[in-house]
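This report concerns one protein model. Please examine the sequence and the structure shown below before reading on.

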Amino acid sequence: MPSESEFRRPTRCAIAAAALFATGAADASFLSGDALDTAADVLSWFVLIAMPPAAIGLFWMVHVLPQKAAEKRQHPQKEAIHVLCLLSLVFGGLLWPIAWLLAYSRPTGYALAHGTEQHEDYFEEQVALAESGGLADEAARSLRAELDRLEARGNLNSHLRAVRDRLARLASHAEA
């Protein structure tokens, strides 16, 4: 003889099916009639007018991230990374991963060829910081030693030579 719980299961299923089929028409919106049409018109104009400039701005901001990272890290090839970012905009983002990888890597070949891993702007900024008194004496000596090593290797161009001379003048004024 079937138990009482076995009789309840079909009854519950029948009640659930009746409740499911007894529901009326579903309304997917809290608006109706002209209010729904007005809301749809406003939303469509927003999507057509405001979203394209926002998407272009977001696309631009994402594509200059490698350039900003290279500038922050004083990457010696930051101009090349900048060009890659611009070309990536033209080619629909295909070059962006290469720019990203280049911005976060240290070019060992560049250091071997040029004697430093820093961009020339780094030395300029450090000397300006030393002139304003914001650079410690030890850091200034280390900077001057690095510039002297570059000169000994023959890798000191005229711009860096002027930076080294400014640093030497600053050191001589500090000694006097």
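## Polar contacts of His63

In this predicted model, the side chains of His63 and Ser88 form a polar contact at 3.2 Å. A polar contact is a pair of N or O atoms within 3.5 Å; within protein, one atom must be able to donate a hydrogen and the other to accept it, and residues adjacent in sequence count only if both atoms are side-chain atoms. The His63 side chain also reaches the backbone oxygen of Phe59, at 3.0 Å.

His63 lies in helix α3, which covers residues 51–63. Helices are DSSP runs (H or I) of at least four residues, and strands (E) of at least two, numbered from the N terminus.

Is His63 buried or exposed? His63 is buried, because its relative accessible area is 5%; buried means under 20%, exposed over 50% and partly exposed in between (1.4 Å probe, protein chains only). Leaving aside residues up to four places away in sequence, His63 touches Cys85, Ser88, Leu89, Gly93 and Trp96, where contact means heavy atoms within 4.5 Å.

## The protein as a whole

The protein has 10 helices and zero strands. Of its 176 residues, 20% are buried. Among contacts between residues at least 6 apart in sequence, 63% join residues at least 24 apart.

## Basis of the values

Residues are numbered from 1 along each chain as its sequence is written, and side-chain values use heavy atoms, leaving out hydrogens and water. Because the model is predicted, local features need pLDDT of at least 70 and side-chain atom pairs count only at pLDDT 80 or more, while totals for chains, interfaces and linings use all residues.
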